[in-house]
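I opened the notebook on this entry to record, in order, what I looked up and what I found.

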Amino acid sequence: MSSQEGKYRKMVTKNVSSKIVDKIKQLQAHSLPTFPSFPEIPSYEECMRRSKEFWENFTFFSKNNYEALDRMWSRGKDFLGTKYAIMGGAMSWLSERHLVSAISNGGGFGIIASGGMKPDILRGEIQAVRMMTSKPFGVNIITMHRQLEEMLDVCIEEKVTHIVFAGGVPSSKDIKKVKDAGIKVICFAPTVALGKKLIRAGSDALLIEGSESGGHIGPVSTLILAQEIIPHITEVPIFVAGGVGTAGALVSFLEMGASGCQIGSRFVCATECIAHPNFKKAFIRAHSRDAMPMIQIDPRFPVISVRALSNEGTKHFIEAQKEAISRFERGEIDAKAVQDEIEHFWVGALKRAAIDGDVENGSVMAGQSVGLIDREMPAAEIIENLVEASVTEISKRRKLLEG
Ligand SMILES: Cc1cc2nc3c(=O)[nH]c(=O)nc-3n(C[C@H](O)[C@H](O)[C@H](O)COP(=O)(O)O)c2cc1C
């Protein structure tokens with residue numbers, strides 16, 4: 001405890017104690033005959049002693065609970081090189097220099113979303129983030145990017161420390177290529193078997209992302225994935241994404257054995273996020289049930305489902321699917337091109353809403369945790385609030401356990 005903090009505590013203790021004694025004396029003097037008699041007034045010294053004990057316990061427990069949180073996610077923190085094991089999930093168009101550096105400066109791990117970028121744009125973003133923070137950050141690489149090789153080359157040349165492979169299973173060749181350059185690799189694991197395979201291929205950490213998430217989603221919820229995967233994979237740290245909106249969820253996943261979490265939707269409403277004000281407003285207004293997965297209309301063309309706020313854009317997606325499929329049926333394009341067009345649709349639709357602000361016709365990709373967002377605030381505050389609340393959560397759970 002610093003001497004300033006000590007002085008402050010003494011002052012508060014003294015004031016509070018004497019005020020309590022005065023108040024009790026005052027009440028006793030005016031108490032009606034029928035009023036139950038007060039217990040004996042503790043002496044001023046006794047008040048001081050009890051207050052001192054309270055502060056000591058308070059300090060002991062809060063310090064202990066901070067240390068507990070630190071221990072629970074130490075593997076994740078060490079892997080990321082951060083103060084907190086909170087990853088800012090890459091979000092196409094939005095996870096650029098401003099948001100990424102703000103998250104990293106706030107103690108989390110910012111990740112550049114390179115899905116909609118070309119190699120030279122990615123290079124510029126990496127360099128810009130470096131100008132805005134000295135803290136660690138990563139790059140999210142979409143495996144089906146048309147210039148995948150060049151994107152990886154940029155990461156290697158720019159000495160990026162962590163790559164998150166997304167949008168499909170990366171090849172062993174690509175994993176090896178970046179690992180040989182000293183880059184740490186994080187892959188999405190939708191099952192235990194695939195997770196083990198990715199670890200054998202060299203993945204240094206795994207991300208499990210449930211269907212509560214925003215953007216492209218798998219079919220299984222975060223809670224089920226966590227139960228299916230975490231107990232069976234101990235070789236590498238596991239980060240949990242999708243629906244982590246409060247400390248309760250975060251601490252629960254850490255207790256289950258996760259090493260940290262990844263949060264997307266909450267950071268859309270970070271002050272530093274460049275999302276259009278309409279996009280942020282839509283997030284603040286939305287309820288969790290408004291974030292719905294899009295449907296696929298033809299089983300011959302399995303589309304990766306996308307979770308977004310329901311709007312006119314949902315109808316546009318159905319039309320875009322129909323249009324691509326009828327072109328396939330007329331023999332104008334092949335099956336791969338259909339998938340490609342559908343993917344392309346999303347990139348444009350998200351930009352229309354997130355950057356241009358057309359939240360009616362564009363795609364407002366959002367996770368179900370959108371219902372927990374009530375205001376815009378700086379990324380560092382989002383992170384600090386979550387950490388503070390996690391410490392309180394741990395203390396609550398300890399009290400429950402210890403009685
Ligand atoms: C608007 C938006 C865009 C996203 N874009 C990407 C992306 O480009 N690459 C990716 O791997 N995940 C993407 N995601 C998923 C996030 O990185 C993150 O894993 C997910 O949002 C976590 O769930 P949460 O929103 O409940 O926190 C996106 C999510 C949102 C909301």
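**Helix packing**

I began with helix α10, residues 247-256, and found that it packs against α15 at an angle of about 65°, the two axes lying 8 Å apart. I note here that the model is a predicted one. Looking at the sense of the crossing, I recorded that α10 passes α15 in a right-handed manner. I then listed the residues that meet: from α10 they are A247, G248, L250 and V251, and from α15 they are L386, A389, S390, E393 and I394. Sorted by class, this contact between α10 and α15 holds 6 nonpolar, 2 polar and 1 charged residues.

**Helix α4**

Next I asked how many of the residues of α4 are buried. I counted 7 of the 9 residues in the stretch 97-105, so this helix is largely enclosed by the rest of the structure. The buried residues of α4 are R97, L99, V100, S101, A102, I103 and S104.

**The barrel**

Turning to the sheet, I traced a closed barrel of 8 strands in the order β1-β2-β3-β4-β5-β6-β8-β9, with parallel pairing. Neighbouring strands of this sheet are turned against each other by 25° on average, with direction ignored. For one pair I looked at the detail: β2 and β3 run parallel and are joined by 4 bridges, and I112 stands opposite V139 in β3.

**The ligand and the whole chain**

Around the ligand I found 25 surrounding residues, of which the closest are G89, G214, G215, G264 and G367. By class, this shell comprises 9 nonpolar, 14 polar and 2 charged residues.

Finally I took the totals. The protein has 15 helices and 11 strands, and 41% of its 403 residues count as buried. Among contacts between residues at least 6 apart in sequence, I noted that 64% join residues at least 24 apart.

Note on methods:
Residues numbered from 1 in each chain as written. Predicted model: local features only at pLDDT ≥ 70, side-chain atom pairs only at ≥ 80, totals over all residues. Near = placed C-beta within 6 Å. Nonpolar A, V, L, I, M, F, W, Y, C, P; charged D, E, K, R; others polar. Helix = DSSP H or I, 4+ residues; strand = E, 2+ residues; numbered from the N terminus. Buried ≥ 20, exposed ≤ 12 C-beta atoms within 10 Å, placed from the backbone. Contact = placed C-beta atoms within 7 Å. Axes fitted to C-alpha atoms, helices over the stretch in contact; angles between N-to-C directions. Left-handed = near helix turned anticlockwise from the far one by under 90°. Pairing = 2+ DSSP bridges.
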